[in-house]
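Here's a quick walk through one model, with a helix, a pocket and some ring pairs as the stops. Have the viewer open as you read.

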Amino acid sequence: MIERAADWYARKQLRAGIIKEEDRDVYKYGYILAMEMGINILISGMMAFIFNMLECLIVFSCVFIPLRTFCGGWHASKSWICSLISNVTIAGIMIVEKYQIWTFGIWVAVIIELVCSIAVWNMAPIEHKNKPLSNQEKKAYRKICKVMYVVQLGLMFLFYCIGRTDILQTGVMAHIIVVLSLLMGAVDIKKERIIFEK
């Protein structure tokens with residue numbers, strides 16, 4: 001349905017002379033991504049409204065999205081799978097936070113963050129076959145990941161110091177999910193190499 005809507009809009013722009021025929025597929029792909037992102041934002045926003053957890057959604061998104069963008073890692077084979085996993089993850093984070101299913105102190109957070117920082121430092125970025133990175137891009141992404149991670153840790157510590165342990169916990173959970181994505185991406189790469197070598 002999304003693909004048909006994107007195709008219809010690209011054709012409409014083509015007929016209006018806004019885009020050229022050779023660019024139609026590129027625009028169509030961009031519209032698909034924009035629509036999927038819009039739907040995900042709408043769904044996560046509705047969940048945040050239902051759970052009364054808008055702040056949790058904002059904190060999670062501000063920590064997760066930029067770091068995940070540059071760290072890379074596992075990607076679903078189809079966009080609807082990605083949307084489903086993303087929204088289930090966000091719902092899970094909100095439920096955990098709202099009902100305090102998993103609460104931890106500063107020392108547990110420090111241990112988790114030490115493990116996560118080792119993973120980010122040594123693994124990121126993990127490229128995907130659909131988005132290969134040049135050596136120069138890898139170096140730039142690696143540097144951005146490290147700087148971003150340190151800045152996020154600093155902000156999380158500041159929020160902890162002012163008594164906002166909920167923000168610290170949301171940030172730690174976002175980091176755990178980024179690292180899980182890195183690990184799954186590394187496993188995918190190893191599987192592909194084994195298949196390729198055979």
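Which residues of H5 are buried? In this predicted model, the buried set is Ala109, Ile112, Glu113, Cys116, Ser117, Ala119 and Val120. Looking down the axis of H5, you'll find them within an arc of 160°, so they line one face of the helix. On the face of H5 turned away from the buried side sit the exposed residues Trp107, Ile111, Val115, Ile118 and Asn122. As for the helix itself, H5 covers residues 106–123, which is 18 residues. From first C-alpha to last it reaches 25 Å, close to the 26 Å expected at 1.5 Å a residue.

**Ring pairs**

A search of the whole structure turns up 7 aromatic pairs. Two of them are set out here.

| Pair | Centre to centre | Angle between planes | Type |
|---|---|---|---|
| Phe70 and Tyr141 | 5.1 Å | 75° | edge-to-face |
| Trp121 and Tyr149 | 6.4 Å | 85° | edge-to-face |

Phe70 belongs to helix H3 and Tyr141 to helix H6, so this pair ties together parts 71 residues apart in sequence. Phe70 is partly exposed, at 23% relative accessible area, while Tyr141 is buried at 16%.

The other pair brings us back to H5: Trp121 lies in helix H5 and Tyr149 in helix H6, so here the parts tied together are 28 residues apart in sequence. Trp121 is partly exposed, with a relative accessible area of 35%, whereas Tyr149 is buried at 0%.

Elsewhere, ring pairs link Trp8, Tyr9, Tyr27 and Tyr31 into a cluster.

H6 spans residues 135–161, and Asn135 is found in it. Asn135 is exposed, with a relative accessible area of 59%. Its C-alpha is separated by 24 Å from that of Phe64, 71 residues away along the chain.

**The largest pocket**

How big is the volume of the largest pocket? About 1900 Å³. It is lined by 46 residues, and the closest to its centre are Asn40, Arg68, His75, Cys82 and Ser86. Helices H1 (2–15), H2 (24–51), H3 (54–71), H4 (79–98) and H7 (165–197) are the elements that each give two or more residues to that lining. H3 gives the most, with 9 residues. Sorted by class, the lining of the largest pocket comes out at 24 nonpolar, 15 polar and 7 charged residues.

Note on methods: Residues numbered from 1 in each chain as written. Predicted model: local features only at pLDDT ≥ 70, side-chain atom pairs only at ≥ 80, totals over all residues. Heavy atoms only, no water. Helix = DSSP H or I, 4+ residues; strand = E, 2+ residues; numbered from the N terminus. Buried < 20%, exposed > 50% of the residue type's maximum accessible area, 1.4 Å probe, protein only. Expected span 1.5 Å × (residues − 1). Arc of directions from axis to C-beta. 1 Å grid on protein atoms, 1.4 Å probe; cavity = no way out; pocket = protein on both sides within 12 Å on 5 of 7 lines; lining within 4 Å. Points joined across faces, edges and corners; volume = space filled by probe spheres on them. Nonpolar A, V, L, I, M, F, W, Y, C, P; charged D, E, K, R; others polar. Phe/Tyr/Trp six-rings, centres within 6.5 Å; stacked < 30°, edge-to-face > 60°.
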